[in-house]
Amino acid sequence: MRDARMRHASGKTVALKWPSSMTTLENESIVRRVLLPPFLMLLALPALPLLAQQAATPPICVVFTVKDLSAGSDTRDYEQTITEAVSAAFQAAGFQVLPAASWQDAADGLSLDTAHPVGEVDALAIAGGLGADLAVTGIYSVQGDEIYYSVQCWSVPSRSLAAGYQATTPFNLAFFSGLNVALTTDLIPRLAGGETQVVPRVIF
């Protein structure tokens with residue numbers, strides 16, 4: 001075992017024990033099922049509820065599965081964990097995140113192939129049909145020890161890209177801390193401030 005120190009969104013440093021053999025699929029499975037869920041909850045707790053402070057009614061958000069576009073299938077199991085991390089950040093910021101089952105049922109009704117990333121048009125149609133204000137889509141791709149990820153927020157009322165964030169970082173436990181910081185201190189505050197960012201669109 002070795003120590004891993006993660007910088008928390010609040011500025012505090014959290015010391016964690018991490019298996020030295022974390023590169024094996026067996027240990028990665030243990031980490032996903034046992035260590036990551038409470039760690040993600042810890043990250044989300046201090047996030048400032050920006051939008052909740054500005055609106056009496058929490059804005060409604062649909063977070064679609066963040067899809068793996070890696071060449072292999074070894075990292076596909078992280079789709080759920082990364083999607084849960086994105087959902088937790090939006091919930092902590094004051095959004096009402098609809099259950100995944102709601103948008104999945106709507107996608108089934110449209111005969112949408114959810115094995116692939118949900119595109120802009122479909123995401124806006126489903127989110128709008130569910131009465132949501134925002135649709136969040138994303139993808140990631142792991143190459144070697146690095147992960148590229150992109151999270152895009154689509155405004156249902158304006159039917160346009162409200163904000164987006166993309167980055168390439170090392171793919172280890174610190175990735176989830178960095179993802180949380182990026183969402184809670186960069187992406188979501190720009191939504192609250194009504195700002196927009198021009199980012200390259202990922203065409204599915």
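In this predicted model, helix 3 (residues 78–92) packs against helix 6 (residues 174–192) at an angle of about 40 degrees, and their axes sit 9 Å apart. That angle is why helix 3 counts as oblique to helix 6. As for handedness, the crossing of the two helices comes out right-handed. On the helix 3 side, the contact is built from Tyr 78, Thr 81, Ile 82, Ala 85, Val 86, Ala 89 and Phe 90. Helix 6 answers with Phe 175, Phe 176, Leu 179, Asn 180, Leu 183, Thr 184, Leu 187, Ile 188 and Leu 191. Sorted by class, this contact has 13 nonpolar residues and three polar ones, with no charged residues at all.

Helix 3 also turns up in the lining of the second largest pocket, where it gives the largest share, six residues. The pocket itself holds about 250 Å³ of space. It is lined by 16 residues, and those closest to its centre are Gln 80, Thr 83, Glu 84, Ser 87 and Ala 100. Besides helix 3, strand 3 (60–63) and helix 4 (100–109) each put at least two residues into the lining.

Definitions and conventions:
Residues are numbered from 1 along each chain as its sequence is written. This is a predicted model: local features need pLDDT of at least 70, side-chain atom pairs count only at pLDDT 80 or more; totals for chains, interfaces and linings use all residues. Side-chain values use heavy atoms; hydrogens and water are left out. Axes are lines fitted to C-alpha atoms, for helices over the stretch in contact, and angles run from 0 to 180 degrees between N-to-C directions. Helices (H or I, at least four residues) and strands (E, at least two) are DSSP runs, numbered from the N terminus. Angles under 35 degrees count as roughly parallel, over 145 as roughly antiparallel, 65 to 115 as roughly perpendicular and the rest as oblique. A crossing is left-handed if the near helix is turned anticlockwise from the far one by less than a right angle, and right-handed if clockwise. Contact means heavy atoms within 4.5 Å. Ala, Val, Leu, Ile, Met, Phe, Trp, Tyr, Cys and Pro count as nonpolar, Asp, Glu, Lys and Arg as charged, and the others, Gly among them, as polar. On a 1 Å grid over the protein atoms alone, a cavity is a set of points where a 1.4 Å probe fits but cannot get out, and a pocket is an open set with protein on both sides within 12 Å along at least five of seven lines; lining residues have an atom within 4 Å of a point. Grid points are joined across faces, edges and corners, and a volume is the space filled by probe spheres set on the points.
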